[in-house]
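Please examine the structure shown below.

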Amino acid sequence: MSVATKGNQSTSNQTPANNFYQFAHNQNTGSNRLIVAQFTMSNSTSYTSATYGGVTMTRLYTINRSGLGQRMAFYYLVDPPTGSNTLRINFSSSQWNPVSIYARSFTNSGGIGNSLRSGGSATPHNASLTVSDDSLIMMTSCSVNAITSQQIPTGTNQSYTQHNTNRQVATGSISSNAGHSAGSISLRATSTFGDISLDRTEILGLGATPPSGENGNFFLVM
Amino acid sequence: MITIISKIELEGTDSLKYTDIGHTEDVDVINQINEDYDASLGSFLGKNKTKLEIGLVLLSAFFNNYEYVHEARTQVTTVEGLDFPKITNVNQI
């Protein structure tokens, strides 16, 4: 077992004013490659597909955060083409608001594991994700207010990219290189005040056991 | 992270076309490009978003006064494989 090797990352926060947006991202060479992409934008339109190097990416989830007026999505591709290729996201109609895009490459990865999503909840928003040995966790959050931390695990601040989609977005936070031991990992997202969402996805190490089915939406009952 | 500089032009009558034209790590260059964008196309999009969505305003109205604008809000860890120059002065674009 070994933790996936983190590779190149790319981020963009521009207004497509078109029914697609695309930019170049460089996938590292190596075996057991993986590319993932996190998206957040106004829910005035929807994601229809994503491609990398012309190859259709798999959609892990898309979710409409109606309270925030935002639609968030996660796409990935196993064994993507290497080098500089175009990452393209297509929309159901023109998007006139800025889109938050974060792409990250890996090598020596066993693919995507568990993934859970939690809608807006009062800061600090605490959640967890059960992972296999030697996994990494990626997080993303959205809030009306400025986002102040992404903690993986709780108590350990990870760097992230802050985007403005007419809401505040934290994207690209990921576990430290050592990864996690198998079990439930506590996570925390904070904003200056108000509600903040917390979506988390497991990046499997090499030789990891496939996920045990912890996938889906989590609804907070008030 | 390295920042990519995009050239933004009108495509057709109501869409944008982005072309990457350079890269920089100079914060002053990035800030100047984005301040100019925010004061021009960014302001137009913000003021007219609803009308643009329903077709009451077209992007071509903005490009009657501008041939193109630039923006620097894409960041990458490597420019390997990308064939455009490093920008150290905003006058280079």
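In this predicted model, strand β1 (residues 5–14) of chain A pairs with β3(B) in the antiparallel sense, over three bridges. Which residue of β3(B) stands opposite Thr11(A)? That residue is Gln75(B). Ser12(A), in turn, has Thr74(B) in β3(B) as its bridge partner.

This pairing belongs to an open sheet of eight strands, with antiparallel pairing, in the order β6(A)-β7(A)-β3(A)-β9(A)-β1(A)-β3(B)-β1(B)-β2(B). At the edges stand β6 (58–65) of chain A and β2 of chain B; each has a single partner strand, so one side of each is left without a neighbour in the sheet. From one strand to the next, the twist averages 20 degrees.

The contact between the chains may now be considered as a whole. Chain B contributes 20 residues to the contact, and chain A contributes 20 residues. On the side of chain B that touches chain A, β2 (15–24), α2 (41–53) and β3 (69–76) of chain B each supply at least two residues. Which of the elements gives the most to this side of chain B? It is β3(B), with five residues. By class, the residues on the side of chain B that touches chain A comprise seven nonpolar, seven polar and six charged.

Chain B also contains helices. Helix α1(B) lies across β1 (2–11), β2 and β3 of chain B, and runs at about 130 degrees to β3(B). Two packed helices are described by the angle between their axes and the distance between the axes. For α1 (residues 27–39) of chain B and α2(B), the angle is about 35 degrees and the axes are 3 Å apart. Here Tyr37(B), Asp38(B) and Ala39(B) in α1(B) meet Leu41(B), Gly42(B) and Ser43(B) in α2(B). The contact of α1(B) with α2(B) has three nonpolar, two polar and one charged residues.

Chain A has a further open sheet, in which four strands follow the order β2-β8-β4-β5 with antiparallel pairing. Its edge strands are β2 (18–27) and β5 (55–56) of chain A, each of which pairs on one side only. Strand β2(A) is joined by nine bridges to β8 (residues 83–95) of chain A, and the two run antiparallel. Within this pair, Gln27(A) has Gly83(A) in β8(A) as its bridge partner.

Finally, the confidence of the prediction should be noted. Where pLDDT is low, the predicted coordinates should not be read in detail. Chain B averages a pLDDT of 95, and 100% of the residues score at least 70. The model scores ipTM 0.93 and pTM 0.93.

Methods:
Residues numbered from 1 in each chain as written. Chains lettered and ligands numbered in written order. Predicted model: local features only at pLDDT ≥ 70, side-chain atom pairs only at ≥ 80, totals over all residues. Contact = placed C-beta atoms within 7 Å. Nonpolar A, V, L, I, M, F, W, Y, C, P; charged D, E, K, R; others polar. Pairing = 2+ DSSP bridges. Axes fitted to C-alpha atoms, helices over the stretch in contact; angles between N-to-C directions. pLDDT = per-residue confidence, 0-100.
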